[in-house]
Amino acid sequence: MLTLHTKQGEIEVDSGDFSSRISGFYRKSREERISDIAERVDLTPEDISILGSGGGLDIEVADRMIENVIGTMAYPFGVAVNFRLNGRDRLVPMAIEEPSVVAAASNMARLMREGDGIKTSSTEGVMIGQIQVLDVEDFEKAMAALGAAKDDLIELANQQDPVLVRFGGGARDIQLRELETEAGKMLVIHLLVDCLDAMGANAVNTMCEVLAPEVEELTGGRVLLRIISNLADRRLVRAEAVVKKESLGGENVVDDIVSAWAFADADPYRAATHNKGIMNGVVAVALATSQDHRAIEAGAHAYAARYGHYGSLSRWSKNGDGDLVGVLEMPMAVGIVGGATRTHPMAGLALKIMGVSKARDLAEVIVAVGLAQNLGALRALVQEGIQHGHMRLHARNLVVMAGAEGDLVDRAVEALVESGEIRFDKAQEIVKRLKG
Ligand code: MEV
C-alpha cells in the first residue's frame, strides 16, 4: 500500500493550477514521486495501483488488441517535470527504455521556464487521404469533372462519419495533383479531413475507399491506392523557447549550440542523429499515451526532407541579447479518442497526469518535449559530451543496487564517478566504505 501525503489530505487537485517545478524529483523514491504527482493531479487509488501493475495492460485486453498474443511487454514510465507551456505548468509522462532522456527533458524544461517557458501553437487537425488514379486518358477532362463534383464528393465523404461532422470536423477540401512516376503519369487526389480529436486514419481511409467508385466514374480511370498520408503537413505544431545565455553557461555555449544545429541542418548524416534526439522525447510521450508513433516518426522524417534535402526539424539561433532561441515545427498526428488511447489504462492515466483534453493540446506538449530534448542533447554534446550524463545515471543505478540509500546515494555517485571505474564491484566497495 502506498501512503499519499497530499496537502489537502485527500487526492483532489485541479490539474490546471499547480507548479510542475519539482526539485530533486529524480532523487526521490517511487512512492515519494507518486505522492508529489498526487499533490498536483487527482490520482485515484486505482490509478496508483495501475502504476504499480507492471505495465497496466490486462492480458485479455492485449489479446483483443492485436493478433497472436502470447504476453505483454512493459516499458519504464517516468514523468518529466518543470514543463511550462503558454504559461501553464505540465507534468509529462514518458515511456522509454533509454536512460537520461527523462532527466534531460526535465532539466531543459527547467532552463526554459527561467525565461518565459515554452510557447506552442498548432494548426487544425487536418489529415490528407490519398486516392491514386491510373489509366486516365484525358487529364484535363478528368480534373474538370472532379472539380465540378467536388462538393458532392466532400458530402459523400462526410456521410461516412456523421459523429466527426457533428462535432465540427470532417472532409474540408479536395486537391488534385498530376504525378509523373516510373510507372507513368498518375492523377492523385488529396482529400483533406479535419479529424479533431482523432488521429484520423480510420475515418480518412474509410472516406477515401468510399469515394473510389465515384472517382473512377468521373475520371474514366482506375483507382488503386486509397490511404491516409503520414506526411501530415496540414497538422503542424510549433514550439518555441528562449533560453538565457547565463542558464547555459555563457554566450559561447549559445554560439556552439547554433553551430551544432547548423551542422545538422546542412548534413543528413548528422541530421538523422539530431532528429533522433528530438524523437527520443516525441516518441516517449507518444508511447506513454498509446499513439501510433510509427506514423509520427514517418511524418517527422518526411517533413524534415520537405525541401528535397533531409535537414534538422528544429532551428536554433542567437537573439540580440545573446540568448538562445529554439523553434521546433513538425507534423503531429495524435488522437485522444479511439484506438489504444482508450483501451490502454496507462494511456488514459498519462493523459490525466498531463491534463490533456484535446488532441491539439497533446500534440503541443509532445512537440515542446521534442524541443527540450533536442536542447538537452545539443548542450551535452557541445559541453562535456553525451557519455558524461549517461555514466552518472549508470553510476546512480549501480550504487542503489549496491545498497546505498538516502544521502549516501549522492556521495556514493560522486565517489564512483571520481574513481573512473563505473562498475558494480566498485560501487559495492564504495557503498560498503561509506556505510562505514
Ligand atoms: C541519443 O539517444 C540521442 C543523441 O544522439 C541526439 C544527438 O546527437 O543530438 C544524443
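Which residues of helix H6 (residues 150-159) are buried? In this predicted model, the buried residues of H6 are Leu153, Ile154, Leu156, Ala157 and Asn158. The cover over these residues includes H5, helix H7 (162-166), S5, S6 and H8.

The protein chain contains 18 helices and 10 strands. Its radius of gyration is 25 Å, which is close to the 22 Å given by the globule rule for 436 residues, so the chain is as compact as a globular protein of that length. Along the principal axes, the C-alpha atoms fill a box of roughly 85 × 50 × 40 Å. Of the 436 residues, 48% count as buried. Among the contacts with a separation of 6 or more, 73% are accounted for by residues 24 or more positions apart.

Four strands make up an open sheet in the order S5-S6-S4-S7, and their pairing is antiparallel. Strand S5 (170-181) and strand S7 (222-229) are the edge strands, each pairing on one side only. On average, and with direction ignored, neighbouring strands of this sheet are turned by 20 degrees against each other. In general, strands of a sheet pair through backbone hydrogen bonds, in either a parallel or an antiparallel manner. Strand S4 (residues 126-134) and S7 run antiparallel and are joined by 6 bridges. Within S7, Ser229 is the residue that stands opposite Ile128. Helix H8 (residues 201-219) packs on the sheet and touches S4, S5, S6 and S7. The direction of H8 makes about 155 degrees with that of S7. Helix H5 (residues 139-148) lies across S5 and strand S6 (184-194), and runs at about 15 degrees to S6.

Phe83 has Arg90 in S2 as its bridge partner. The hairpin of S1 and S2 has 2 residues between the strands, and Asn86 takes a positive phi there, near 50 degrees. Asn86, in the loop between S1 and S2, has this positive phi although it is not a glycine. With a relative accessible area of 46%, Asn86 is partly exposed. A positive phi, of about 55 degrees, is also found at Asn68, which is not a glycine. Asn68 belongs to the loop between helix H3 (59-65) and S1. The relative accessibility of Asn68 is 75%, and this residue therefore counts as exposed, the cut-off being over 50%.

Two further positions were examined individually. Asp36 is part of helix H1 (residues 30-40). Its relative accessibility is 9%, so Asp36 counts as buried, the limit for that class being under 20%. Apart from neighbours within four places in sequence, Asp36 is in contact with Ile22, Phe25 and Lys28. Tyr310 is placed in the loop between helix H12 (293-304) and strand S9 (314-318). At a relative accessibility of 19%, Tyr310 counts as buried. When residues up to four places away in sequence are not counted, Tyr310 touches Pro268, Ala271, Ala272, Asn275, His301, Ala304 and Ala305. Tyr310 and Ile228 are 82 residues apart along the chain, and their C-alpha atoms are separated by 22 Å.

At 1.5 Å a residue, the 24 residues of H15 should span 34 Å, and the end C-alpha atoms are 35 Å apart, which agrees. H15 is mostly covered, with 19 of its 24 residues buried.

Methods: Residues are numbered from 1 along each chain as its sequence is written. This is a predicted model: local features need pLDDT of at least 70, side-chain atom pairs count only at pLDDT 80 or more; totals for chains, interfaces and linings use all residues. Side-chain values use heavy atoms; hydrogens and water are left out. The expected span of a helix is 1.5 Å times one less than its number of residues. Buried means under 20% relative accessible area, exposed over 50%, partly exposed in between (1.4 Å probe, protein chains only). Two strands pair if DSSP finds at least two bridges between them. Axes are lines fitted to C-alpha atoms, for helices over the stretch in contact, and angles run from 0 to 180 degrees between N-to-C directions. Contact means heavy atoms within 4.5 Å. The radius of gyration is taken over C-alpha atoms; the globule rule is 2.2 Å times the number of residues to the power 0.38.
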